[in-house]
Amino acid sequence: MTLSVDTPSDASARRPTKNKPSVLFDAPGPRARLRNNIVTLVAVVVLLFIAYLIIARLDQQHQFDGKLWKPFTEKIVWTKQILPGLGGTLKAAGVAAVFALIFGVIFGLGRLSEHKWISVPAGAVVEFFRAIPLLIMIFFAMAGPPAIMDAFDRVLPPVSAFLALVIGLTLYNGSVLAEIFRSGINSIPKGQSEAGYSIGMRKGGVMLRILVPQAVTAMMPAVVSQLVVLLKDTALGYIVAYNDLLNNGLRLVSGNFGNTIPSIIVVAVIYIIINIALGLLATWLEKRSRRSRKSSARTLTTAAGAPPAVGMDSI
Amino acid sequence: MNLHALLDFGPLQQNFGTVLKAFWGTIRLALLSGIGSLILGTVLAAMRVSPTPVLRGAGALYIYVFRNTPLTLVLLFCSLGLSDTLHLQISHDPSTNGFWLATIGMTIYTASFVCESLRAGINTVPLGQAEAARSIGLTFTQSLRLVVLPQAFRTVIAPLGSVFIAMIKNTTVALAAGYFEASAEMKQMFDTYGGTIPIFLGFAIGFMVLTLPTGFFFGWLSKRLAVAR
């Protein structure tokens, strides 16, 4: 939402970015501009001081030594450790995203069902998985199946870290996606489905030909930003010793070269680049969806993130 | 057939004290990082809406970095980086030190989400409100205090609630920083007794006791204080 309004003054023509009023500030006059300049100066000094403190501390502990950073200039570190780790992260995220989308469609539509015996269990499953932390689901996906099979006197090989991670990510993000689908369908004006019924379509037809196509446009940005969350959550693979980007970057690279902080910084930069790229995609989809006249639903924004938790619906 | 993996709540009863202690660890971490991230997030939001480009830029940089970094990495930075490599010691007691490091990591991470919610709240206040406040002669501080912020704070209650619920669930990741809380206790019990359904259900219900009332409270509060427009 933009709040700036053009002010027809000479000053704003010269420096348009600084002199826009916002809900908080009027367009600054000469005195306010002077004050802003002083604040800028103070801010620069304070920020530089904070940066100095961090850099001094890093330097004091010899974190800028060339030998700590040199591994990242070697090809083998990238091809043998970082890129396979990135591959592991993307693989887990990709597989989990596909299953989460399927889970989300099934349970989102299930919760919208008019039959209580479908909608109530579907709602209970969705709310259960949204209310508990992802990590304990991953732990249970890993340790649970062998223990349960043991109760039936069957021996099950231990669940791999990859599978446990995918199961956990699917259940949690699938439940969030189910809520996104549900609110996407609910955001379509009632007249749309009524029009469908009035020309003789059945429930399935109205859902498939009228509601879903419009809802997809509206909820696409929210879906993409949930997939960014999913990608970030694959980092939990570190805790269950799955060979993802974080694990390879921190256990392999810094284990071999003893460069914890440089490794953390490099791994963080990779995550940030991927996530910003996906975030830009979501923003672009949101803009496109707002322009689109194909859907009568309001666009579910990327900013809001996950749909509201239990007790906070209907706001 | 031995149905202990399906029905036996014994392990939970035997370790009830430890489980409660573990959940107290979760609550303590959540409360302190909640307060910390509210303070840091408000400072960041103030920076991001300030008329000073340098402050806006610094705030945006912070948000870009910490919103897009996985929490696990942030917490590992606190434990492996701040503590082990940079030798930053807050307390000589290792468990107290672990608690503070986890709190710092959770605060740094959650503050970026708090900041974005607050900023979105300020942006929902229509420009006309501020213009009306100025036109009746209110000063900058008065218009902020009497008109803009009351409306902004009310709209952010629900989004802030979502952020805090997510944070309560995120405290489980503090396990990566070596802090003892509920998920660490569940892992230990899984290692001792196997991954039985009763243990999982016990901890799941424990977390639901924390997250569901938080959701209802913030939902009630935001409805009660909703801005009529």
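Which residue just after α2(A) takes a positive phi? In this predicted model, that residue is His62(A), with a phi of about 60°. With 31 residues, α2(A) stretches 45 Å from its first C-alpha to its last, close to the 45 Å expected at 1.5 Å a residue. None of it is tucked away: the number of buried residues in α2(A) is zero, so the helix lies largely in the open.

Ala241(A) is a residue other than glycine, yet its phi is near 60°. Is Ala241(A) buried or exposed? With 10 other C-beta atoms within 10 Å, Ala241(A) counts as exposed.

For the model as a whole, the scores are ipTM 0.87 and pTM 0.84. Chain B has a mean pLDDT of 84, with 97% of its residues reaching 70 or more. Within chain B, the element with the lowest mean pLDDT is helix α1 (residues 4–7), at 66, while helix α4 (residues 53–67) has the highest, at 89. Chain A averages 79, and 83% of its residues score at least 70. Residues 1–19 of chain A have a pLDDT below 50, and this stretch makes 18 contacts in the model beyond near neighbours in sequence.

Chain B is built from ten helices and zero strands. Its C-alpha atoms fill a box of roughly 80 × 45 × 25 Å along the principal axes. Of the 229 residues in chain B, 51% are buried.

The UniProt records have something to say about both chains. For chain B, the unreviewed entry annotates residues 29–49, 61–82, 156–179 and 199–221 as "transmembrane region". How do two of these spans look in the model? Residues 61–82 of chain B are 86% helix and 0% strand, with end C-alpha atoms 21 Å apart. Residues 199–221 of chain B are 100% helix and 0% strand, and there the end C-alpha atoms are 34 Å apart. For chain A, the UniProt list (again an unreviewed entry) gives residues 38–58, 92–110, 122–143, 155–172, 211–241 and 261–285 under the "transmembrane region" label. One of these spans, residues 122–143 of chain A, is 91% helix and 0% strand, with its end C-alpha atoms 25 Å apart. Another, residues 211–241 of chain A, is 74% helix and 0% strand, and its end C-alpha atoms lie 43 Å apart.

Next comes the meeting of the two chains. In all, 57 residues of chain A are in contact with 68 residues of chain B. On the chain A side, α2 (30–60), α6 (134–151), α10 (245–257) and α11 (260–291) each supply at least two residues. The biggest giver is α6(A), with ten residues. Sorted by class, the side of chain A that touches chain B has 44 nonpolar, eight polar and five charged residues.

Helix α6 of chain A also holds Ala141(A). This alanine has 23 other C-beta atoms within 10 Å, so Ala141(A) is buried. Which residues does Ala141(A) contact, leaving aside its neighbours within four places in sequence? They are Val159(A), Ala164(A), Ile167(A) and Gly168(A). Thr260(A), by contrast, is 119 residues away from Ala141(A) in sequence and 30 Å away in space, C-alpha to C-alpha.

Finally, there is the nonpolar core. The largest one has 132 residues, and those touching the most other members are Ile138(A), Leu165(A), Leu73(B), Leu75(B), Ala102(B) and Ala174(B). Helix α7 (residues 161–186) of chain A gives the most to this core, with 14 residues. Neighbours within four places in sequence aside, Leu165(A) is in contact with Ala92(A), Ile138(A), Thr234(A), Leu236(A), Gly237(A), Val240(A) and Tyr242(A). One of those partners, Ile138(A), is itself among the core residues that touch the most other members.

How values were computed. Residues numbered from 1 in each chain as written. Chains lettered and ligands numbered in written order. Predicted model: local features only at pLDDT ≥ 70, side-chain atom pairs only at ≥ 80, totals over all residues. UniProt positions renumbered as here; feature names shortened; annotations may be inferred. Helix = DSSP H or I, 4+ residues; strand = E, 2+ residues; numbered from the N terminus. Contact = placed C-beta atoms within 7 Å. Nonpolar A, V, L, I, M, F, W, Y, C, P; charged D, E, K, R; others polar. Buried ≥ 20, exposed ≤ 12 C-beta atoms within 10 Å, placed from the backbone. pLDDT = per-residue confidence, 0-100. Core = buried A, V, L, I, M, F, W, Y, C linked by C-beta atoms within 7 Å. Expected span 1.5 Å × (residues − 1).
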